[in-house]
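I opened the notebook to keep track of what I looked up. The entries go one topic at a time.

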Amino acid sequence: MEIRFDGKRALVTGAGKGIGRGLVKALVKCGAEVFALSRTKEDLDSLVQEYPGIHPVQCDLADPEATKAAVGSVGPIDLLVNNAGISILESFLDVTLDVFDKVMNVNVRSVMQVSQIVAKGMVERGTGGSIVNVSSLASKTALKDHTSYCTSKGALDMMSKVMALELGPHKIRVNTVNPTVVMTDMGRMVWSDPAKSGPMLARIPLGKFVEVDDVVHAILFLLSDKAAMVNGTTMPIEGGFLTS
């Protein structure tokens, strides 16, 4: 099944590393014109060196004014992937208001703001579009020391459903992908200890964690016309974890 995005303009947030970086490369290979947003200039510079046609957009999505200016500057967008997110681990009794607000600000507020700007343009042009929000299995199952993160991803899932409901009549589809542990560079480092990874892997029938390409391929499908009747879904990418 070939997926092409020739003539389409795509915006990916959190594009400097991990899933976002892999997705940017895949979208370019599928023919899209890609705008890669990251707060880290070095990551954007190296990405442009690999793929000179990419448009780098440096922005810290924790700053609403900077977000408004940066996203507004890219022009019309057909495909949006809200991938940027942060996690700060604290036990429930130790969660601080500052940390809770930081996580919700990036993981929920910035997604709403970026999506509003992009979707308004889609509605005005009458061309429709597709939005994929990168959520997490943490929206569906509680994880120790992840109060702020789990809460933010649960909120993101429900916001995405409301977006799908309200934007659907404008031919704008909105879906989420919800992976378990993803083997990014950071993921490999954090989960390299068998004492930590073992109990988690034991709950996954396929017996392995998610690779970046597993998530990228799911996003490409949801962005494409192959998923023309897929709207308002949360797609688990977890090897069967939820069956246990």
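**Ground rules**

I am working with a predicted model, where local features need pLDDT of at least 70, side-chain atom pairs count only at pLDDT 80 or more, and totals for chains, interfaces and linings use all residues. Residues are numbered from 1 along each chain as its sequence is written, and side-chain values use heavy atoms, with hydrogens and water left out.

**Strand β1**

I began with β1 (9-13). Helices (H or I, at least four residues) and strands (E, at least two) are DSSP runs, numbered from the N terminus. I call a residue buried under 20% relative accessible area, exposed over 50%, and partly exposed in between (1.4 Å probe, protein chains only).

How many residues of β1 are buried? Five of the five are, so β1 is largely enclosed by the rest of the structure. I then sorted them by side. R9, L11 and T13 are buried on one face of β1, and A10 and V12 are buried on the other.

Next I looked for the partner strand. β1 pairs with β2 in the parallel sense, over five bridges. Two strands count as paired if DSSP finds at least two bridges between them. L11 has F35 in β2 as its bridge partner.

I stopped at V12, which lies in β1. V12 has a relative accessible area of 0%, so I list it as buried. For contacts I used heavy atoms within 4.5 Å. Leaving aside neighbours within four places in sequence, V12 is in contact with G20, L23, V24, L27, F35, A36, L37 and V81. I also checked V12 against R125: they are 113 residues apart along the chain, and their C-alpha atoms are separated by 20 Å.

**Helix α3**

Which residues of α3 (residues 64-72) are buried? I found T67, A70 and V71. Seen down the axis of α3, they fall within an arc of 90°, so they line one face of the helix. The arc is taken from the directions from the helix axis to the C-beta atoms.

The buried residues of α3 pack against β1, β2 (33-38), β3 (55-58) and α4 (97-125). The face turned away from them carries the exposed residues E65, K68, A69 and G72.

**Cores**

I looked up nonpolar cores: sets of buried Ala, Val, Leu, Ile, Met, Phe, Trp, Tyr and Cys residues joined through side-chain atoms within 4.5 Å. The largest has 33 residues, and F5, L27, V177, I219 and L220 touch the most other members. Several elements each supply at least two residues of this core, among them β1, α1 (18-29) and β4 (79-82). The largest share, eight residues, comes from α8.

L220 is in contact with I3, F5, L23, A26, L27 and C30, leaving aside neighbours within four places in sequence. A second, separate core has 26 residues, including L11, A70, V71 and L156.

**Cysteines**

How many disulfides are there? I found zero in the whole structure, taking a disulfide as a pair of cysteine sulfur atoms within 2.5 Å. C59 counts as buried at 5% relative accessibility. C150 counts as buried too, at 15%.

**Around helix α5**

S152 lies in α5 (residues 147-167). S152 is buried, with a relative accessible area of 0%. Beyond residues up to four places away in sequence, S152 touches V103, M104, N107 and V108.

H146 sits in the loop between β5 and α5. Is H146 buried or exposed? Its relative accessible area is 18%, so I list H146 as buried. Leaving aside neighbours within four places, H146 is in contact with S87, L89, E90 and T151.

**Positive phi**

Most residues other than glycine have a negative phi. D145 is not a glycine, yet its phi is positive, about 70°. D145 is in the loop between β5 and α5, and at 29% relative accessibility it counts as partly exposed. K171 also has a positive phi, near 65°. K171 is in the loop between α5 and β6 (172-179), and at 65% it counts as exposed.
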